Amino acid sequence: MTAGFVFHSSFLDHLPGPRHPERPARLEAVTARLESSGLLGELDPAAPQLLDPEALLTVHSADHLARVRAACEHAPSAIDGDTTVSTGSWDAALRAAGGVIEACERVRTGGWKRAFCAVRPPGHHAERDRAMGFCLFNNVALAAAQLCRVGIERVAIVDWDVHHGNGTQHIFEDDANVFYASLHQWPLYPGTGAAQERGIGDGEGTTLNCPMPAGSQDPDWLGVFDAQILPALENFRPEFVLISAGFDAHRLDPLAGTSLSEEAFGAMTRSLMQFADQHCAGRLVSVLEGGYHLDALAACVESHVEALVGAGS
Ligand SMILES: [Zn+2]
């Protein structure tokens, strides 16, 4: 069955500023590499529709929407020190979130087996009521919330971006139906993601943080992935797996100090595919988060997508 690919040229119209690391060239590097490697031809592309802004309210507050919309209308403007918008950011953000939701719907209904969403702006730092860390709306959280609304009982989000996905954790920390697991360098921005943060209330036990020291290499990350993340997923028994796929844990990334190779991302992808095949009919959607060294990002995405279109598909 097919692996889907979500991309839209409007993602290039989100312009955070000339020296901003989260720049359109990231997606240009990703798509160029997928094309030159031949992987693009193995993916089924879908250009996402604009999401109805009302749909953002499943995860975000009305005040948050209004603030982001106003910032985009008065662009260029800064929402905080890291998070700036241009006039194209509103459409890009709505189409990014809409594309991830659409990918999940296609996988849920069997049109695609799995999918990779090459979207920006990224999402995992966006809180219910706050844009931060280059993120406006929480793409993965919106997709998980929508899956729960259409009858998926348990969704797992695995976040291997080098930064902790504070927004995703906080949105679901009291929700027993969404498991959030993160591997991240710690201490590092945004400062959340201690091992003791395991969820609250009904969601107690459905958050798993695996903070890793700077300098960690493939065996360190893959060891913790196998020893902690996979057993926790087996215990939770999700019906759908989402990946917050940041690639800034690569050794060349300028925003962090972790030392993974591109192969590590292929290995984690294959592990999650195998898990999804065994436990949730293969249903897996991967969503781009960070990754700021263009060549390293392209190489990591190649390794990731090569796995996604590979054996078992
Ligand atoms: Zn990151």
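This is a predicted model: local features need pLDDT of at least 70, side-chain atom pairs count only at pLDDT 80 or more; totals for chains, interfaces and linings use all residues.
His-64 sits in helix α2, which spans residues 62-73; helices here are DSSP runs of H or I with at least four residues, strands are runs of E with at least two, and both are numbered from the N terminus. Residues are numbered from 1 along each chain as its sequence is written, and side-chain values use heavy atoms, with hydrogens and water left out.

**Around His-64**

Is His-64 buried or exposed? His-64 is buried, with a relative accessible area of 1%; buried means under 20%, exposed over 50%, and partly exposed in between, with a 1.4 Å probe and protein chains only. The side chain of His-64 comes to 2.8 Å from the backbone oxygen of Leu-136. That is a polar contact, a pair of N or O atoms within 3.5 Å; within protein, one must be able to donate a hydrogen and the other to accept it, and residues adjacent in sequence count only if both atoms are side-chain atoms. Setting aside neighbours within four places in sequence, His-64 is in contact with Glu-127, Arg-128, Asp-129, Arg-130, Ala-131, Leu-136 and Phe-137, where contact means heavy atoms within 4.5 Å.

Not counting residues up to four places away in sequence, Thr-31 touches Phe-5 and Phe-7.

**Backbone details in the loops**

Which residues other than glycine have a positive phi? Phe-134 is one of them, with phi of about 75°, and Ala-281 is another, with phi near 50°. Phe-134 lies in the loop between β5 and α4 and is buried, with a relative accessible area of 14%. Ala-281, in contrast, is exposed at 61%; its place is the loop between α7 (262-279) and β10 (284-288).

|---|---|---|
| Arg-120 to Pro-121 | near 0° | between β5 (114-117) and α4 (139-149) |
| Tyr-189 to Pro-190 | about 0° | between β7 (178-185) and β8 (207-212) |

**The protein as a whole**

Stepping back, the protein has eight helices and 10 strands. Its radius of gyration is 17 Å, close to the 20 Å that the globule rule gives for 313 residues, so the protein is as compact as a globular protein of that length. The radius is taken over C-alpha atoms, and the rule is 2.2 Å times the number of residues to the power 0.38. Along the principal axes, the C-alpha atoms fill a box of roughly 50 × 50 × 40 Å.

Of the 313 residues, 59% count as buried. Among contacts with a separation of 6 or more, 77% come from residues 24 or more positions apart.
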